[in-house]
Amino acid sequence: MHNHRFMRHGSPTGGGTFYGENIRFLESLVGTTETKCIPWPFGSSAKRGYVTLDGVEGTAARAMCTIAKGKPPSPGMEAAHTCGNGHHGCVNPNHIYWATHAENHRDMVNHGVNQLGERHGMSKLTEADVRQIKKMIAARELRRVDIGAKFGVSRQAINDIASGKN
Ligand SMILES: [Zn+2]
């Protein structure tokens with residue numbers, strides 16, 4: 001545990017005091033020899049489940065990658081899956097690696113799971129998704145096109161949410 005906190009914070013005791021059950025679950029997976037996908041067991045309004053790690057909200061897979069491998073080598077990197085089951089919420093650290101957006105996108109296309117361009121509407125979004133998207137827009141961590149990609153909707157749909165049109 002201290003080693004993982006050290007990788008994340010540069011100090012074995014850094015990172016504050018409280019981690020929720022979901023983060024402890026991810027920490028328990030570090031070093032697992034499991035080769036099958038490990039589904040995220042916690043409820044999720046979005047496609048993959050979002051958690052807050054060190055004050056930063058992101059996908060469970062991103063938190064898993066951060067815990068198992070340290071922070072992304074560059075800021076824009078994404079937690080990509082070798083198994084193609086990111087959209088099913090796989091959090092097996094053996095299946096997750098840091099990739100650039102382009103690499104991750106290519107992998108999703110290869111796995112046949114990238115549906116961007118086929119689902120332009122927002123009918124698939126729940127109220128909770130929309131609230132999540134608004135938070136992500138406000139956080140300015142991701143480009144709108146990337147937020148859209150995570151939820152399977154177009155950038156325009158994200159713009160509409162940002163402007164309150166829809
Ligand atoms: Zn997997």
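**View 1. Cys83 is partly exposed in this predicted model.** Its relative accessibility is 22%. The cut-off for buried is under 20%, so Cys83 counts as partly exposed. Cys37 is also partly exposed. Its relative accessible area is 32%.

**View 2. Four side chains coordinate the zinc ion.** The donors are Cys37 (SG), Cys83 (SG), Cys90 (SG) and His95 (ND1). They sit at 2.1 to 2.4 Å. In sequence, the donor residues follow the spacing C-x45-C-x6-C-x4-H. Cys37 and Cys83 link distant parts of the chain, 46 residues apart. Cys37 lies in the loop between α2 (21-29) and β1 (50-53). Cys83 lies in the loop between β3 (78-81) and β4 (96-99).

**View 3. The zinc ion has a tetrahedral arrangement of donors.** The 4 donor atoms subtend angles of 103 to 120° around the zinc ion. Four donors count as tetrahedral if all angles lie between 85 and 135 degrees, so the arrangement qualifies. Ideal angles for four tetrahedral donors are 109.5 degrees.

**View 4. β1 and β2 form an antiparallel hairpin.** Strand β2 covers residues 56-59. It is joined to β1 by 4 bridges. Thr52 has Glu57 in β2 as its bridge partner. The hairpin has 2 residues between the strands. Asp54 takes a positive phi there, near 55°.

**View 5. Helices α2 and α3 pack at an angle of about 50°.** Helix α3 spans residues 60-69. The two axes are 9 Å apart. That angle makes α2 oblique to α3. The crossing of α2 and α3 is right-handed.

How values were computed. Residues are numbered from 1 along each chain as its sequence is written. This is a predicted model: local features need pLDDT of at least 70, side-chain atom pairs count only at pLDDT 80 or more; totals for chains, interfaces and linings use all residues. Side-chain values use heavy atoms; hydrogens and water are left out. Donors are N, O and S atoms within 2.8 Å of the metal (3.2 Å for Na, K and Ca); water is not among the atoms, so sites may look incomplete. Four donors count as tetrahedral if all angles lie between 85 and 135 degrees; four count as square planar and six as octahedral if opposite donors are over 155 degrees apart and all others between 65 and 115; anything else is irregular. Buried means under 20% relative accessible area, exposed over 50%, partly exposed in between (1.4 Å probe, protein chains only). Two strands pair if DSSP finds at least two bridges between them. Axes are lines fitted to C-alpha atoms, for helices over the stretch in contact, and angles run from 0 to 180 degrees between N-to-C directions. Angles under 35 degrees count as roughly parallel, over 145 as roughly antiparallel, 65 to 115 as roughly perpendicular and the rest as oblique. A crossing is left-handed if the near helix is turned anticlockwise from the far one by less than a right angle, and right-handed if clockwise.
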